[in-house]
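Good morning, and thank you for joining.

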Amino acid sequence: MNVNLLDLKAQNGALEPELQEAFLRVLRSGHFILGPELDRFERALSEFTGAKHALGVSSGTDAILLALMALEIGPGDEVLCPSFTFFATAGCVARVGAKPVFVDSCPVCFNLDLRDAARRITPRTKAILPVHLFGQAAEMDGTLALARRHGLRVIEDAAQAMGATYRGRQAGTLGDFGTISFFPTKNLGALGDAGALLTGDTALFERVKILRVHGMDPKYYHRVIGGNFRLDALQAALLSVKLPHFNGYTAGRRRNAALYTERLAQLPGVQVARAEKGCGGKAGVEDAATRLVLPAAYPHNGHIWNQYTLRVIGAGRRAALRAYLAARGVGSEIYYPLPLHEQACFAHLGGKPEDLPWAHRLAGEVMSLPIYPELPAEQIEQVCAVIGDFLRS
Ligand SMILES: Cc1ncc(COP(=O)(O)O)c(C=O)c1O
C-alpha cells in the first residue's frame, strides 16, 4: 500500500457537511470581504491562542510582511533570521527594503542559534525573527532577553507552529508579533491561502488593521501606505469549522511522532537527538555508526509536529533512502534543500556555505516523513519497516 506524504482529503472530507454549510452560509450572505465571519474567526483564534489580538490576513507570508511594515522596518535596517527556514521568513525582510542577516541553526531543534545571533548584532539591527520550525518553539526566553538587551523588536514566525507551546505559553504570543499560516498543509489548514497575525500590543494591532486595508482610515482616506492583506470571509468561515478540531489534529500528530520514534529508535544506527541539553547544546549523539538522528522535543516545549524531520548521516545517504522509500510507495520531502544564505536571490549579500555550518549541513541531511493526523498506525509501521530494510541492506 502507498503511504502518501499528505492526505488533505482525509481531514476535510470528514468535515464535509459542516464545510458545505459554512460555504452556503457565506454564499447566501453575499458578504465576502471582512464582516462577521472574519470577526468570529478572529475572536475564536484570539481565545484559542491567548493572544490579546488576532487579525486574519491573506497568508502567512503577508502576516510577516505586515508585521515588518507595522514596525516600520525598512531600508538601512537589519533583521536577524534563520537561514534554515522557508523562504518567506527572509523574503519579507528583503521586500520591505531591509537586510536579512542570516543566523545559524541548532542541530537539535533546527531553530535559531542564539549565540550566533548575538554575534551578528550591529547598530543597524532592528529586529529578530525566530521561526518555530516544524512545530517546535525556538528558545524564546533567550530571544526575548537578547532583544531587550539590544532594543530589538521580535516577530515570531509561527507559520508552522500554531498551538505549539514554550514553557506553557503559545508560540506566536511572546514577541511583538506572531505570524501564522493556514496554508492547506499546516496544522490548521484552510482551503486556500490564509494567515493571521497575533499581538498583545493594542497600538500595533490598530496599525496592522489599517495596513491590511491599504492604510485606509476612514474609508478612502489613507494615513499610511498599506495593501490588500485581507483574509476572505469564506476562508474564515471554513477555518471556524476546523478550529474546534485542532486539538484532535495535534493529538494525532503527537501519536504518530511517538510511534515513529519508538519504532525507529530500535533500528541499528538510529539515535534520538539529545533534547535534554536544550537549544544550542550540541546534537552530540553521532558517532561513526550513526545513520539516522530522530527529532525530539525539549521537555519545556509542546511540539505540534507539523513535520517529523530526521537527519540522514553520510554523503548520498539521504538520496538513497528517499529513493528506496519512493520505490516502495512511501512519500517523503526535503524541507529545505538549500539554506537561504546560499540562495541565488541573496547572492548579493555574499553568504558562503561555511558561514553558517549547521544551516548548510542540515539542508544536506534532513528529510520529513508522512505525519498528518489521520495517517493510520499501520502505515507508520510500514514506513518504519521499509526504513529498517534500508538500514540493514
Ligand atoms: C516558516 C514559514 N514561514 C512562512 C510561511 C508562509 O506562509 P504562507 O504559505 O501562508 O504564505 C510558511 C509556509 O509555508 C512557513 O513554513
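**The chain as a whole**

Of the 393 residues of the protein, 57% count as buried, where buried means under 20% relative accessible area, exposed over 50%, and partly exposed in between, with a 1.4 Å probe and protein chains only. This is a predicted model: local features need pLDDT of at least 70, side-chain atom pairs count only at pLDDT 80 or more, and totals for chains, interfaces and linings use all residues. Residues are numbered from 1 along each chain as its sequence is written, and side-chain values use heavy atoms, with hydrogens and water left out.

The protein has 13 helices and 14 strands; helices (H or I, at least four residues) and strands (E, at least two) are DSSP runs, numbered from the N terminus. The radius of gyration is 21 Å, close to the 21 Å that the globule rule gives for 393 residues, so the protein is as compact as a globular protein of that length. That radius is taken over C-alpha atoms, and the rule is 2.2 Å times the number of residues to the power 0.38. Along the principal axes, the C-alpha atoms fill a box of roughly 70 × 55 × 35 Å.

Contact here means heavy atoms within 4.5 Å. Among contacts between residues at least 6 apart in sequence, 69% join residues at least 24 apart. The protein exposes about 16,100 Å², of which carbon and sulfur atoms supply 54%; accessible areas come from the Shrake-Rupley method with a 1.4 Å probe, and for residues only the protein chains shown count as cover.

Let me turn to helix α9, residues 233-242. Here 9 of the 10 residues are buried, so the helix is largely enclosed by the rest of the structure. Those buried residues include Ala233, Gln235, Leu238, Leu239 and Lys242. Among the elements that cover them are α1, α2 (16-29), α3 (36-49) and α10 (246-264).

Glutamine 11 belongs to helix α1, residues 8-14. Is glutamine 11 buried or exposed? Its relative accessible area is 9%, and glutamine 11 therefore counts as buried. Its side chain forms a polar contact of 3.0 Å with that of lysine 242, and another of 3.0 Å with the side chain of glutamate 374. A polar contact is a pair of N or O atoms within 3.5 Å; within protein, one must be able to donate a hydrogen and the other to accept it, and residues adjacent in sequence count only if both atoms are side-chain atoms. Leaving aside residues up to four places away in sequence, glutamine 11 touches Lys242, Tyr249, Pro373 and Glu374.

**Helix α11 and its surroundings**

Next is helix α11, residues 317-327, in which Arg318, Leu321, Tyr324 and Leu325 are buried. Seen down the axis of α11, the buried residues fall within an arc of 130°, so they line one face of the helix; the arc is that of the directions from the helix axis to the C-beta atoms. An α-helix has 3.6 residues a turn, so residues three or four places apart point the same way. On the other side of α11, Ala319, Ala326 and Ala327 are exposed.

Which elements do the buried residues of α11 pack against? They are β11 (292-294), β13 (308-312), α12 (357-365), β14 (366-369) and α13 (377-392). After α11 comes glycine 329, with a positive phi near 80°.

Phenylalanine 390, in helix α13, is buried, with a relative accessible area of 6%. Excluding residues up to four places away in sequence, phenylalanine 390 touches Arg291, Arg317, Ala320, Leu321 and Tyr324. The C-alpha atoms of phenylalanine 390 and leucine 325 are separated by 8.5 Å, although the two are 65 residues apart along the chain.

**The ligand**

Finally, the ligand. It is surrounded by 17 residues, the closest being Gly60, Thr61, Asp157, Gln160 and Ser181; a residue is near a molecule or strand if one of its heavy atoms lies within 4 Å of it. Aspartate 157 places a polar side-chain atom 2.7 Å from a nitrogen atom of the ligand. For oxygen atoms of the ligand, a polar side-chain atom of glutamine 160 lies 2.8 Å from one, and a polar side-chain atom of serine 181 lies 2.7 Å from one. The protein covers 93% of the 390 Å² of accessible area that the ligand has on its own.
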